Amino acid sequence: MTQTQEPSVSTGDTPFVPIEKIVSLCKRRGFVYPNSEIYGGVSGIYDFGPLGVELRNNIRRFWWWSMVQTNDTVVGIEGAIITHPRVWEASGHVENFVDRLVDCKNCKRRFRSDHLPEENVRLNKCPVCGGELTEPRKFNLMMETYIGVLEGERMKTYLRGEASQNIYLDYDNVLKSSRMAIPFGICQIGKAFRNEVTPGNFLFRQREFEQWDLQFFVHPSEMQQWFDYWKERRFEWYQSIINHKDRLRFRPHGADELAHYAKQAFDIEYQTVLGWQEWEGIHWRQDWDLSRHSEYSGQDLSYTDPETKERYLPWIVETSGGVDRTFLNLLIDAYEEEPPSGKDKEGRTVLHLNPLLAPVKVAVLPLQKNKEELVTTARELHAKLRRLMVSQYDDVANIGRRYRRQDEIGTPFCVTIDFTTLEDQTVTIRERDSMSQIRRHMNEVPAYLLERVRWDYSV
Ligand code: GAP
């Protein structure tokens, strides 16, 4: 991605949301904070606040539920961030995981040469000030670290540049310990680290980020079938969590942009103010990983078919996406500033998040703060609900402002305790998107809400 951003106009019906609005909402409402902010921050590294951590957990849980829990042929692992340094020689990262960067001799800006517009490459000109660019230099993205305490005896290794390597390292252990047989898959969610040359666009390109991977091991003759299968499944998965379905597409990689391990690749892309950008990669890794790790470790990682006794090196279909990009894209996809209308005279900012992913599921609101019975009843209901889902109690400000506060963080339901509640035990349930309200008996509220915030997606 170049450092210049495209204008915030959508080709469709709704304008694209400027990233600055999402950054501001995230800071103001406790989704995301700049890391080490009191020391001036670190470029490309972020912390997640109280609402951010809830949203991330929901995103992770939904991925795990749909990829691992509901698939009999897929199991999960959680590998370490630090591995033996030979892993990264075998994987090709020490040699090949490089970006080419150029500097502008005039304004000193730095660019990835593969992100420069063609015209600027041809004329060797800076896209910002028109100054002359330096020759491209190779820059390895792996972050180094050291194991051991004594100088001279410390071993240099790397924070993992892609989380998926643990899966190849543990593949044989999983096979032997979990009675899986090919075709089968291993999933993992975990942090990855890259010394990105041009981190930026908020969570889009960071130096510390989280990936989710499926590595699906197949017989070479079935590679195409499984590649197509997982490509479609993953596309459907992303479609199921967004509102703007027309902003999702596949893009095949050209031969010149394939990663060193991929023979074929498709990106699932999402369109935002940044243009069409990768959300997840579907990679045809073939036998690259298992053959390289067999060679470098000396351990034969080939597989013997229990029935035919055929011995072969399995090929791998990889689906690799980002928790952080999902987090960012979902906020962009959900964000809307609604003008004043008959239903809301002041207008509101609302996050139309899928209820199963929303950080807070319900807010319990007594109509007035100074009426003890309203407050006590609301607190009792909140205490019941918070055991089942994330619930917030709020009695500060008038009811309209409290609704808007919840709309802005994507809370799908607000339950209001009013004077009628004290007479007949019924409460108002207000739905975020339509702002419609219904009355239900208080005892029915937990079941009513649970039915609406549960995971409802078939794979
Ligand atoms: N194991 C394959 C692999 O790592 P990748 O396309 O480099 O493939 C997979 O990364 C996903 O990780 C991307 O689709 C993106 O969602 C996420 N990702 C990659 N680099 C990132 C970065 N610097 N910041 C945030 N997310 C990133």
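Tutor: Arg61 counts as partly exposed, because its relative accessibility is 45%; buried means under 20% relative accessible area, exposed over 50%, and partly exposed in between, with a 1.4 Å probe and protein chains only. This is a predicted model, in which local features need pLDDT of at least 70 and side-chain atom pairs count only at pLDDT 80 or more, while totals for chains, interfaces and linings use all residues. Residues are numbered from 1 along each chain as its sequence is written, and side-chain values use heavy atoms, with hydrogens and water left out.

Arg61 belongs to helix 2. Helices (H or I, at least four residues) and strands (E, at least two) are DSSP runs, numbered from the N terminus. Arg61 and Leu357 are 296 residues apart in sequence, yet 9.2 Å separates them in space, C-alpha to C-alpha.

Helix 2 (residues 50-69) lies across strand 3, strand 9, strand 10 (208-218) and strand 16 (315-322), and runs at about 160 degrees to strand 9. Axes are lines fitted to C-alpha atoms, for helices over the stretch in contact, and angles run from 0 to 180 degrees between N-to-C directions; contact means heavy atoms within 4.5 Å.

These strands are part of an open sheet of seven strands, in the order 3-9-10-16-13-12-11, with mixed pairing. Two strands pair if DSSP finds at least two bridges between them. At the edges are strand 3 (74-76) and strand 11 (248-252), each of which pairs on one side only. Strand 3 is joined to strand 9 (residues 184-193) in the parallel sense over three bridges, and Gly76 stands opposite Cys187 in strand 9.

Helix 6 also lies across strand 3, strand 9, strand 10, strand 13 (275-286) and strand 16, at about 145 degrees to strand 9. Helix 6 (residues 165-178) packs with helix 8 (residues 288-297) at an angle of about 65 degrees, their axes being 10 Å apart. Helix 6 is therefore roughly perpendicular to helix 8; angles under 35 degrees count as roughly parallel, over 145 as roughly antiparallel, 65 to 115 as roughly perpendicular and the rest as oblique. Gln165, Tyr168, Leu169 and Tyr171 of helix 6 meet Asp289, Leu290 and His293 of helix 8 in this contact.

In helix 8, Trp288, Asp289, Leu290, Arg292, His293 and Ser294 are buried. Their cover includes helix 3 (86-90), helix 6, strand 10, strand 13 and strand 16.
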